[in-house]
Amino acid sequence: MGRRPARCYRYNKNKPYPKTRYCRGVPDPKIRIFDVGKKKIPCDEFPATVHLVCDEYQQLTSEALEAARIAVNKYMITNAGRDFFHIRMRPHPFNVIRINKTLSCAGADRLSSGMRGAFGKSYGTAARVDIGQVLISVRTKEEKCQIACEALRRAKFKFPGRQKIHVSSKFGFTRFTKDDYAKWKSMGRLTPDGNNVKWLSSRGPLWRLIGR
């Protein structure tokens, strides 16, 4: 018997049902990698960021998230180049979805219990997403921004519902706009922190701002 289509689990009808010590035997989610590409490149290298934003309150299965990740990654590798992007999948599929298995073959009426004990067995995982929640973020160089937009447009076909593509005004995955980033960097208030930056506030010891 094949998998149920994702439309059966699209809506957030029930309470969250995560994997716990009481809810055991949950199959592993299909998506295992959430950061793809040059994830260790400092944020100065990739100033442009594009987001795929969800426009519905729904559930996205781990299979759909994995299919979208593969689609974006493949398009970016062939068109932008292997060394010019970093993709981050933002939602994590923590919600367990269930199935009440019934037999549909001949002679099943003697074996199946119908709706008796109808609480289903764990069947897979899905991510509960809200309106305005970011699904996929891509940081890249300014000249590759249109390629990232097209890659995310292709990823939209892997998800149910409606999504929007948003070109961010922020610098990379940081919380600063591009103008603010240049201003604080020139003042020496930003310190590199992997693919992000840390901001040194004006509080604290004076030597941190003016040197010892």
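The stops below cover a sheet, salt bridges, cysteines and aromatic rings.

**Before starting**

This is a predicted model, in which local features need pLDDT of at least 70 and side-chain atom pairs count only at pLDDT 80 or more, while totals for chains, interfaces and linings use all residues. Residues are numbered from 1 along each chain as its sequence is written, and side-chain values use heavy atoms, with hydrogens and water left out.

Helices (H or I, at least four residues) and strands (E, at least two) are DSSP runs, numbered from the N terminus. For accessibility, buried means under 20% relative accessible area, exposed means over 50%, and partly exposed lies in between (1.4 Å probe, protein chains only).

**Stop 1: the open sheet**

Select β3, β6 and β5, which make up an open sheet of three strands in the order β3-β6-β5, with antiparallel pairing. Two strands pair if DSSP finds at least two bridges between them. Which strands stand at the edges? They are β3 (58-61) and β5; each has a single partner strand, so one side of each is left without a neighbour in the sheet. From one strand to the next, the twist averages 50°. Axes are lines fitted to C-alpha atoms, for helices over the stretch in contact, and angles run from 0 to 180 degrees between N-to-C directions.

Next, select strand β5 (residues 95-99) by itself. Four of its five residues are buried, and the strand is mostly covered. Five bridges join β5 to strand β6 (residues 121-129) in the antiparallel sense. Two residues can be followed across to β6: the bridge partner of Val 96 is Thr 125, and that of Ile 97 is Gly 124. In a regular strand, side chains alternate between the two faces of the sheet.

Helix α1 lies across β3 and β6 and runs at about 65° to β3.

**Stop 2: salt bridges**

Side chains of opposite charge can pair when their charged atoms come close. A salt bridge is a side-chain nitrogen of Lys or Arg within 4 Å of a carboxyl oxygen of Asp or Glu. How many salt bridges does the structure hold? There are 11.

Select Asp 35 and Arg 88, whose side chains meet in a salt bridge at 3.0 Å, N to O. Asp 35 belongs to strand β1 (residues 35-37) and Arg 88 to strand β4 (residues 85-89), so the pair ties together parts that are 53 residues apart in sequence. Asp 35 is partly exposed at 23% relative accessibility, and Arg 88 is partly exposed at 25%.

Move to Asp 44 and Lys 185, which form a salt bridge at 3.3 Å, N to O. This pair links distant parts of the chain, 141 residues apart: Asp 44 is in the loop between β1 and β2 (48-54), and Lys 185 is in helix α4 (residues 178-186). Asp 44 is partly exposed, with a relative accessible area of 38%, and Lys 185 is likewise partly exposed, at 43%.

Then select Lys 141 and Glu 45, where the salt bridge spans 4.0 Å, N to O. Lys 141 lies in the loop between β7 (134-140) and α3 (145-155), and Glu 45 in the loop between β1 and β2, 96 residues apart. Glu 45 is partly exposed at 41%.

**Stop 3: the cysteines**

A disulfide is a covalent bond between the sulfur atoms of two cysteines. The search counts a pair of cysteine sulfur atoms within 2.5 Å as a disulfide, and across the whole structure it finds zero.

Cys 54 is buried, with a relative accessible area of 1%. Now select Cys 149, which is in no disulfide; the nearest cysteine sulfur, that of Cys 145, is 4.8 Å away. Cys 149 is also buried, at 13% relative accessibility.

**Stop 4: aromatic rings**

Rings of Phe, Tyr and Trp (its six-membered ring) pair if their centres lie within 6.5 Å; planes under 30 degrees apart count as stacked, over 60 as edge-to-face and the rest as tilted. By this rule there are four aromatic pairs.

Select Tyr 9 and Tyr 123, a tilted pair at 6.0 Å centre to centre, with 40° between the planes. Tyr 9 lies in the segment before β1 and Tyr 123 in strand β6, so the pair ties together parts that are 114 residues apart in sequence. Tyr 9 is buried at 9%, and Tyr 123 is buried at 13%.

End at Phe 171 and Tyr 181, whose ring centres are 3.9 Å apart with planes at 5°, so the pair is stacked.

How values were computed:
Contact = heavy atoms within 4.5 Å.
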